[in-house]
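Dear colleague,

Please find below the structure that I am handing over to you. My notes on what was found in it follow directly after.

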Amino acid sequence: MSTSESADTANPTTRANTALSTSIPGLPALDLSPTLTSQKEQLEIYRHLLETLAQSEQESALIFPTLSKSLTTHTATLVKLKDDLHNVFMRIRALKTRFQTEYPDAFDYVQSLHVKELEDE
C-alpha cells in the first residue's frame, strides 16, 4: 500500500469524497455530494410528511365513528321530513280537489286571482 492510499483509508472524509465523486472516461469528474445532500433533505421532508399523514389518519379514525353515527341520524331525519312533506302536499291536493268540486265558482275566482298575480310578476 502506498502512503497516499494509507492516508486515504485513514481519513474517512477523503474516502467519502472519493466515493461521492465519479469519473467517466472522457468526461469531467462529477461531484455527487450536492445530489446526496439534496436527497437527504428530501428524505427528511418525506419522513415528516409521512408522520403528519399518519397522525391525520389516526385522528380521522377516532372521529369517524361519531361522524358516521351523526350522518345516519341526519339521513334518517331527512327521509322522515321528505315523507312528511309528501303527506302534507298530498293533503293539500286532496283539499284543493274537494274545494274545486264543492265550490267551483269560488275556486275558479281564486285561481284567476292567482294567475293574475303570477302575470304581474
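Glu 121 is exposed, with a relative accessible area of 74%; exposed means over 50%, buried under 20% and partly exposed in between, with a 1.4 Å probe and protein chains only. Glu 121 lies in the segment after helix 4 (104-120). Together with Glu 117, Glu 119 and Asp 120, Glu 121 forms a patch of negative charge on the surface. Such patches are made of residues with over 30% relative accessible area and no salt bridge, like charges being joined within 9 Å. A salt bridge is a side-chain nitrogen of Lys or Arg within 4 Å of a carboxyl oxygen of Asp or Glu.

Please note that this is a predicted model, in which local features need pLDDT of at least 70 and side-chain atom pairs count only at pLDDT 80 or more, while totals for chains, interfaces and linings use all residues. Residues are numbered from 1 along each chain as its sequence is written, and side-chain values use heavy atoms, with hydrogens and water left out.

The chain has four helices and two strands (DSSP runs of H or I with at least four residues, and of E with at least two, numbered from the N terminus). Their order from the N terminus is α-α-β-β-α-α. Of the 121 residues in the chain, 1% are buried.

One aromatic pair was found in a search of the whole structure. Phe 99 and Tyr 103 form this tilted pair, at 6.4 Å centre to centre and 40° between the planes. Rings pair if their centres lie within 6.5 Å; planes under 30 degrees apart count as stacked, over 60 as edge-to-face and the rest as tilted. Phe 99 is partly exposed at 38% relative accessible area, and Tyr 103 is partly exposed at 47%.

With kind regards

Terms used: Patches are made of residues with over 30% relative accessible area and no salt bridge: like charges are joined within 9 Å, nonpolar side chains (Val, Leu, Ile, Met, Phe, Trp, Tyr) within 5 Å. Accessible areas come from the Shrake-Rupley method with a 1.4 Å probe; for residues, only the protein chains shown count as cover. Lys and Arg count as positive and Asp and Glu as negative; His and the chain ends are not counted. The place of a charge is taken as NZ of Lys, CZ of Arg, CG of Asp or CD of Glu. Rings of Phe, Tyr and Trp (its six-membered ring) pair if their centres lie within 6.5 Å; planes under 30 degrees apart count as stacked, over 60 as edge-to-face and the rest as tilted.
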